[in-house]
Amino acid sequence: MAKLRVETTINGEETEFLCSGQDSLLDVLRGPLAMTGTKEGCTTGDCGACSIVLDGRLVPSCLVLAAEAEGRVVETIEGVADGQKLTAVQQQFLEHGALQCGICTPGFIIAAEKLLEKNPDPTEEEARYYLAGNLCRCTGYDKIIRAVLDAAAVRREERA
Amino acid sequence: MSADTNEGQERKFKRIGTRPIRHDGLDKVTGRARFGADYALPGMLHGVMVRSPYAHARILSIDISQAEKVPGVRAVVTRDDFPDVPIGWIPAGSTGVDLGANARTVMAREKVLFHGHAFAAVAATTELAAREAGKLIKVEWEVLTPVLSLEQALAKDAPILHEGQETKGDHPTPEGDSNIANQVCFEGGDIAAGFEEADVIVEGHFETPMVHQGYIEPHACLANVREDGTCEVWCPTQGAFGVKGEVASIAGIEPSLVKVTPTEIGGGFGGKIPVYIEPVAVVLSRKAARPVKITMSREEVFRGSGPTSGSRMWARIGAKSDGTFVAVETKFDFEAGAFRGSPVGAACMTVFSPYNCENFRIFGRDIVLNKPRVAAYRAPGAPIGAFAAESLIDELAMKLDRNPIDLRIQNAVAEGDRAKYGPRFGTIGFKEVLEATRSHPHYKAELGPNQGRGVAAGFWFNAGMQSSATVSVNDDGSAVVRTGNPDIGGSRASMALMCAEELGVDVARVRPLVGDTDSVGYCDPTGGSRVTYATGMAVIEATRQVVDHLRARAATIWDIELDAVEWQDGNAVAINGSAEKGSMSLEDIARKMRLTGGPIVSSASVNPPAAGPGFGVHVCDLEVDPETGVSKVIRYTVVQDAGKAIHPTYVEGQYQGGAAQGIGWALNEEYLWDAEGKVENAGFLDYRIPVASDLPMIDTVIVEVANPLHPYGVRGVGETPIVPPLGAVANAMRHATGIRFHRLPMSPPRVLDALDSDGASS
Amino acid sequence: MVTVLFSNAQSRYTNGDTSIQVDAKRVDQLVRLLVERYAELEDILEHAAVSVDGVIHNDALYVPLPDSVEVQFVGAVAGGSGEAVSEALLSTSSNVLREAQVWLEAGRSVAVATVIETWGSSPCPAGSQLIVDADGHFEGSVSGGCVEGAVIEKACEVLAQGEPAILEFGVADEEAWSVGLACGGRVKIYVEQLL
């Protein structure tokens, strides 16, 4: 069967790729586009490691067909930092040691950025529930939540 | 190397104990870090494992002819492509390995022994083609009755998994073929007299389910066999040298022809020490003459990797009315899965060893059955035994109306006391940890309705084993420290800290690297809570040699004797009669390396004894909703002896991570099986590990009772944190609901049942 | 002098002795003396870790024993081991010729088949060996199992006739169609009687 041609925007760059009808967006990001920052943990939408933003919405890319990216705006972990400048979330993850093995980190950062965009001053409980779709097996979530709450404070200060 | 006994306690550290940002952190928060599945080579094929639909069956024949014809398929392999490695334990010093069992776990030979057991593999230009080909492999099966529980395995006419397997270990052993692979027994004193003497006896049966380490990154590997038979493997692993040996024996290649590069690893917890796909990728690559990449799906991870044992246990404690333990006894049955090797031995060694008791009989059995072959899971066996022991100690405390921490302090082992497995304890911190717990604010916090508090203790031995390190000085005075231990929890930052401490420089001036099997000296795997201790020791020794070289170079430049040069905080300092020469920085010496003898590079390797136990005590406050059976952990504290915390953030991280795994094990995690032995919940939706909204902040207290065996006093910390939580949570449940749970997990439906039946079903 | 403590399980092999004094300065010397005294302990002692005053050594053979220490033989404290595999591999591969020596000393006639050349993929590299006696008993391996049978047959012929033989298996070889080198490689094997 012939491949489909998809035109989309990824991290601000116009991109096109070929895919089959059954490829997921995760497959295409990690395969032909060689953007391996987005991780595969389960392919059933349960672990959050594949989190990306699609048209401004937080989604698991393993449950999005690659063809669905046509004409839409995709944001991945590779596009989070502003050039050489880390975001507050990325910086706080480093300062707090909010990663041990690091496999869940890209997914958490994408999700946390989205959380703080929607809710600049979350409570601990709000942060925990928003991030409940991202699994971590190493940290017990303590330092991740602290990093996110501190990042929120840093962002509020920067905007003040 | 000899360690300075008191150095750990007395030395003032400048960098040890600080919290620098880890060197690999930038790459991990930007997505640049490359994990196993992130590697690719030109011309790469996709390899797929083909797995058994039966839990127990003999393979009569395999026909791959149709599969080979699928367009895109370049190689199909079965047992015929692998050497027949005989089954049998081969001792290697005080450890050993069963190469034949390892080979058959990776690729079934005579039989498939669990649902999902791989019996073939396909490499093709697309994953889809490989999977389609897999479906066309025709197998003639002789389906056998599966053995799916400990009861079934032990029944009188139980089907035998391995003909000719006789029970090893302590007498009396059953006659003839058996599913009981091994028996282990530690005895001391006279338990009959001990229980006679007891004023109070508490006993109970306990059951725990098979659970998985739950690493978020599935197994993955890339293999390339070259035209001359040499081969390269990239994979996430806890031990690249182990992979090298396993690939060599299972794929039938000389070890010297194999190079393994450990990629970044997304969690291991013991489950990424064995190999499951690497030898298959190598054999496929050899047959297809192209690189082959295999990744496991999440489902395959649950079905085809190595969880830890389910168990059935019985235990009892006898004590005097003043609380002194006088007799303890256990009977443990642990699931080994398809081949012998459950951690029942370690469970028996750890179970009551934190407490003095002269009269004991600790007995355990290792039992094979048609489930995945178990692998190590963080302090293997110890959490399971501790669940039974710590639950019973809690019962005893209630019966004697004693504070549970005080009761433990009264019986706690200290230096010079004997472990149940024989040796006397050296310098340990159990009492210190108990005291610190008792005075922690958590212990005094008020509890509300439907809330209960549980306390439990535990420890892990912490291994020594072999490690190598190389330190080299760059001409700008920065340094590189190279070891062979994959970093699963922040260890490379600790290596850099120890090197920086000895050199007297900022940790940012030291770059830590984890090397492949060709570029570093041998290192035993990252596991056993050994890396900061043993590999750290090698790093310190190598760095001290570098410092000696730096002093010698300064002496040359100044034209004075070596013993007139001291190393102080990153500088060579002339002393005594030569003091007027002043000092010279590391940078200055480095810039002149070429003139004073050439590059400065030193290596060191160690094989130290076991690090010595690290004890932990956990306090858990649980709130149970009587209408839904849902429990919430509202407060949790981990107090643990680290000896010396090199990078406190990552020590805290180990405490919190281990506690979270234990909480999941206690409250929700279990393998669910159908009647044919197929795992029903082979995914993260239904195999429910803790999520962020399940847990509170986990408070940690790092106690430091210096370990005299390490120059800085380091003890291992990685495994102890998973030992107490099962007991702590079960004890909290007891105090929240009035019900003692003997079976894990204490999931909402089970809690509701128990509440409805007044505890009869727990 | 050091004190050696035996566990209950070990004391079954020491006539019930649970604690003895031995004059030994190093673990290997201690093990020799213990085995002289309690022959049945040999296997246990060879494969135990050693605790010296509570410090547990996995690889203890040359560990010194200071005066008055307490020694026990216990289970290893390990965290997964890579070298166990390498060591096991070495012990299995070098065993073949040692085994042949044992057979010869027992009066059996022994043939040895050696892989002398390989092409393409072949499970056993050049140098791999298989030994066979006149009754067809064999140890070792020269292939992934696929041509073993033919090699053993040939080895028995060699023992009967005395002349060495060269066997070649590969896709091009007509005889091999029936044997079928599954891996798709070719292999040349030299079979001779060991004298």
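Two strands are taken to pair if DSSP finds at least two bridges between them, and strands (E, at least two residues) and helices (H or I, at least four) are DSSP runs numbered from the N terminus. The structure is a predicted model, in which local features need pLDDT of at least 70 and side-chain atom pairs count only at pLDDT 80 or more, whereas totals for chains, interfaces and linings use all residues. Residues are numbered from 1 along each chain as its sequence is written, and chains are lettered from A and ligands numbered from 1 in the order in which they are written.

In chain B, Leu45(B) stands opposite Val292(B) of strand S15(B), and strands S1 (residues 45-51) and S15 (residues 292-295) of chain B pair in the parallel sense over three bridges. An open sheet of seven strands with mixed pairing is formed in chain B, in the order S3-S7-S1-S15-S12-S13-S14. Strand S3 (73-77) and strand S14 (258-262) of chain B stand at its edges with a single partner strand each, so one side of each is left without a neighbour in the sheet. From one strand to the next the twist averages 20 degrees. Helix H8 (residues 240-251) of chain B packs on this sheet, touching strand S13 (231-235) and S14 of chain B, and its direction makes about 145 degrees with that of S14(B); axes here are lines fitted to C-alpha atoms, for helices over the stretch in contact, and angles run from 0 to 180 degrees between N-to-C directions.

Chain A has five helices and five strands, which follow the pattern β-β-α-β-β-β-α-α-α-α along the sequence. The C-alpha trace of chain A spans about 50 × 35 × 25 Å along its principal axes.

The contact between chains B and A takes 42 residues from chain B and 42 residues from chain A, two residues being in contact if their C-beta atoms, placed from the backbone, lie within 7 Å. On the side of chain B that touches chain A, helix H2 (25-30) and helix H20 (648-667) of chain B each supply at least two residues, and H20(B) gives the most, with seven residues.

In chain C, Val27(C), Leu30(C), Val31(C) and Leu34(C) of helix H1 (residues 27-37) are buried.

Methods: A residue is buried if 20 or more other C-beta atoms lie within 10 Å of its own, exposed if 12 or fewer, and partly exposed in between; C-beta atoms are placed from the backbone.
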